[in-house]
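Q: I have a model on my screen and want to learn how to read it. Can we go through it feature by feature?

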Amino acid sequence: MTNREAIGTGIGKIILLGEHSVVYGKPAIAIPFSNTKVEAIIKKTNGDVTLDCVFFRGLLSNAPERILGTKTVIEKVVEDLDKELRDFHIEINSTIPYESGMGSSAAVAVATIRGLYRFFGESITNDRLIDLTNISEKIVHGNPSGIDTSVIVMETNLYYVKGKQLDPFHFKLDAYLIVAHTGSQSQTKDAVRDVRLLIEKNPKKYRPIIDELGNIAYRGKMAMEGNNPIELGNLMTRAHFLLDKLSVSNEKLNKLVDISLDNGALGAKLTGGGRGGSMIALCSTKDEAKYISNKLLDKGAKKVWVSNMGVDI
Ligand code: MEV
C-alpha cells in the first residue's frame, strides 16, 4: 500500500586508506560517517513526478544530465516494484557536501531508494539496495569499485576488496579523526580516469604505487585492530604521498595535510577521489584535534568535523 509520506536516509563515508588502488582490486578501509547524512522525503501528490534537490527543482522528466544517476534509480525502483511513475514528489536534503569525497552521490541514491520502498510499503534487502545504488554510481563515477555504496548501505567499517564478500571489522582506536572539506568540488570520475591513463602509459612506474597503496591498507587494518594510532598515522601520510604521485592531490589538499602534520597530527591524507574534496587527519587527543581543526579553518578549510573514529563527539 502506498503511504502519504515516507523518508529514507543515507549517511556519509570516509575512506581511511586505499582509495584509487581499490579500483584495481587492492584492499581499502572505509568507515561510515554519521556526522553527515542525506534525507529523501517522498510525498504523495497528483500528477507528474517532481523533484527538489540542490541541483534541480521541477519535473523529473526535465532533470538535467547532472542528476541522471538519481533519475535513473527512481525510474528503476518504480519499474521493479511494478508501480506507476506518477503521483509523488521527492525532496532531497543533505548535509554531505557534494563532490567532496564523502560519498554524497551514493548516499543520495541509498536515501532515495529506501524512501521510495517505504513510500510504496515494500521492504528491500541490503543486496538489492547495493545493486540499485551501483546503477546510479556507475552513471556518476564511470567505473566505481563499489566501496562507497557498500559502506553507506551496511553502515559498518569495511575492509573492502572489489568483488569479494564484504568484510566488516571492529576496532578500538585511541585517536580522533578530523575530516576537513577544502571547499572545492571534484569529479571522482575524472580522477579515476586519469589514474587509469597514467597506469596505461607507464605501468612500470605506477603499478608499484597501486601495489603499495594496497599493502598500506592491509597494514592499516592491523594497526587499527591492534590499537596502534601511530602506525596508522604513518601509513596515512605515506598513502597521501603516493596519491599525490598518482596526480590526485592538489595544492589545497597538500596545504591542509602539511598544516595538520606541522601541528602534531599523527598522519594526514586526502580522502576519496581527491583533486579537491576532503582530507583527513589523525590526532591522539580530542584537544589536539580541536586545535588542528581551528588551524585548518584559519588556513582555508571550509568545514571541519572531529569524530572519535566515526562516532560523534
Ligand atoms: C571514491 O570514493 C573512491 C575511489 O577509489 C573510486 C572508487 O573506489 O570507486 C576514488
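Q: How many residues of domain 1 are in contact with domain 2?
A: In this predicted model, 32 residues of domain 1 are in contact with 43 residues of domain 2. Contact means heavy atoms within 4.5 Å.

Before we go on, two ground rules. Residues are numbered from 1 along each chain as its sequence is written.

Q: Where do the two domains of the protein chain lie in the numbering?
A: Domain 1 covers 5-167 and domain 2 covers 171-308. Such bounds come from an automatic or database domain assignment. The C-alpha centres of the two domains lie 24 Å apart.

Q: What is the area buried between domain 1 and domain 2?
A: The size of an interface is often given as the accessible area lost when the parts come together. Buried area is that loss, taken with a 1.4 Å probe and summed over both parts. Here the area is about 3,100 Å². Carbon and sulfur atoms give 65% of it. Leu-17, His-20 and Tyr-24 supply 24% of the area that domain 1 buries against domain 2, more than any other three residues.

Q: How many salt bridges are there between domain 1 and domain 2?
A: Side chains of opposite charge can pair when their charged atoms come close. The rule asks for a side-chain nitrogen of Lys or Arg within 4 Å of a carboxyl oxygen of Asp or Glu. Between the domains the count is 3. A search of the whole structure finds 19. Among these is the pair Glu-99 and Arg-66, at 3.2 Å from N to O. This pair links distant parts of the chain, 33 residues apart.

Q: How many residue pairs are in polar contact across the interface of domain 1 and domain 2?
A: A polar contact is a pair of N or O atoms within 3.5 Å; within protein, one must be able to donate a hydrogen and the other to accept it, and residues adjacent in sequence count only if both atoms are side-chain atoms. The rule finds 10 residue pairs across this interface, both residues at pLDDT 80 or more.

Q: Which residues come nearest to the ligand?
A: Of the 14 residues around the ligand, Lys-13, His-20, Pro-144, Ser-145 and Asp-148 come nearest. To be near, a residue needs a heavy atom within 4 Å of the molecule. A polar side-chain atom of Lys-13 lies 2.8 Å from a ligand oxygen atom. For Ser-145, a polar side-chain atom is 2.5 Å from a ligand oxygen. His-20 uses a polar backbone atom, 2.9 Å from an oxygen atom of the ligand.

Q: What is phi of Asp-87?
A: Most residues other than glycine have a negative phi. Asp-87 has a positive value, near 65°. Ser-247 also has a positive phi, about 75°, although it is not a glycine.

How values were computed: Predicted model: local features only at pLDDT ≥ 70, side-chain atom pairs only at ≥ 80, totals over all residues. Heavy atoms only, no water. Buried area = accessible area lost by both parts, 1.4 Å probe. Helix = DSSP H or I, 4+ residues; strand = E, 2+ residues; numbered from the N terminus.
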